[in-house]
Amino acid sequence: MNISEIAKLAGVSSAAVSRYFNQGYISEEKREAIRKVVEETGYRPSVQAQTLRTKKTKMIGVIVPKIASASIGRVVEGILSVLNKSGYQMLLAVTQNNPKKELEYLTTLREKQVDGVILVATVFTTEHRQVLKELVVPVVIVGQRLSGYCCVYHDDYHASYELTKLLLEKGRKRLGYIGAILQDKAVGAERYRGFQEAVCKYGLEELAKNYVIASFTVASGYKKAEELMQKCKELDGIVCATDAMAAGAMQYLREKRIAVPKQIWVVGQGDSEMAQVTTPPFVTVHYSYEKSGEIGIQMLLEVLEQGETDLKEIKLGYSIVEQERKDKNE
């Protein structure tokens with residue numbers, strides 16, 4: 001079967017069939033006639049032929065740091081909610097939190113194997129900037145801000161500031177912080193800066209030294225909570241950069257028979273299911289991860305469809321989420 005035969009069976013022109021497969025405009029009557037023939041014959045257009053003709057792969061490369069993450073999963077869901085209606089498909093690349101893998105995937109994708117790239121970035125080294133500069137397809141960055149590129153990111157600084165302020169206003173004046181590597185500007189540097197400036201605002205500058213660096217896992221949160229307790233001794237609150245870190249910290253405190261939040265109040269960031277199912281549930285920050293994925297792919301598709309777009313930097317907000325606590329005595 002070919003387009004001419006499909007057109008003959010449907011009683012339409014070959015041009016109408018071509019527009020049908022390329023999401024072009026045709027009347028509903030013609031669209032329905034073509035759809036019926038396609039279903040009856042099982043016809044599928046040749047992807048290779050389309051690529052040669054249009055110079056487009058109809059494929060979007062999406063580079064993410066990991067898949068075992070509620071926040072990353074929500075970003076990808078947001079991307080797919082738009083992409084699935086656009087006629088494009090997604091090629092997912094997972095770096096396992098390895099910046100060198102990000103460079104490898106960017107280098108591979110710049111050879112025009114995809115029409116565009118969504119980069120859910122972790123860090124930006126000199127090498128990252130050079131590879132991005134050499135990229136021959138458009139790129140949109142999600143989760144981080146990088147000057148000179150279209151990007152969608154969150155107000156990590158103010159979210160962490162308000163979260164820390166919440167504990168301080170509840171009378172917790174011996175706080176510690178479990179954060180991410182500072183090379184990660186959003187989750188690492190900006191969220192720590194929010195904690196740091198909040199404690200300084202309340203005249204508790206010495207608390208800015210009460211921090212440890214963890215990886216993005218429950219196990220690391222557990223281990224680093226122990227390290228923080230040994231380092232700081234007397235604490236009555238722990239602010240964490242992610243929900244996974246907070247869940248790990250709570251597990252450690254529970255094993256040490258330290259009441260949460262009565263003795264030590266633990267808070268996280270990310271508004272994952274983990275924040276709801278722990279005992280007790282902990283206060284967290286909601287970031288619009290799914291929305292960031294939607295906006296990011298919409299920006300990229302705009303570039304692909306129009307050939308160019310205004311440089312956009314979109315910062316999304318946040319909200320503090322206080323879960324209902326089952327144990328009122330805690």
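Mentor: Let's start with a term: rings of Phe, Tyr and Trp (its six-membered ring) pair if their centres lie within 6.5 Å; planes under 30 degrees apart count as stacked, over 60 as edge-to-face and the rest as tilted. This is a predicted model, where local features need pLDDT of at least 70, side-chain atom pairs count only at pLDDT 80 or more, and totals for chains, interfaces and linings use all residues. Residues are numbered from 1 along each chain as its sequence is written, and side-chain values use heavy atoms, leaving out hydrogens and water.

Trainee: How many aromatic pairs does a search of the whole structure find?

Mentor: The search covers the whole structure. Its count of aromatic pairs is seven.

Trainee: Are the rings of tyrosine 192 and tyrosine 211 stacked, edge-to-face or tilted?

Mentor: The ring centres of tyrosine 192 and tyrosine 211 are 4.7 Å apart. Their planes are at 45°, so the pair is tilted.

Trainee: Is tyrosine 192 buried or exposed?

Mentor: Buried means under 20% relative accessible area, exposed over 50%, partly exposed in between (1.4 Å probe, protein chains only). Tyrosine 192 has 10% relative accessibility, so this residue counts as buried.

Trainee: And which class does tyrosine 211 fall into?

Mentor: Its relative accessible area is 29%. That makes tyrosine 211 partly exposed.

Trainee: Which lysine lies over the face of tyrosine 211?

Mentor: A charge sits over a ring if NZ of Lys or CZ of Arg is within 6 Å of the ring centre and within 35 degrees of the ring normal. Over tyrosine 211, at 5.4 Å from the ring centre, lies lysine 231.

Trainee: Which residues form one aromatic cluster with Tyr211?

Mentor: Tyr211 belongs to one aromatic cluster.
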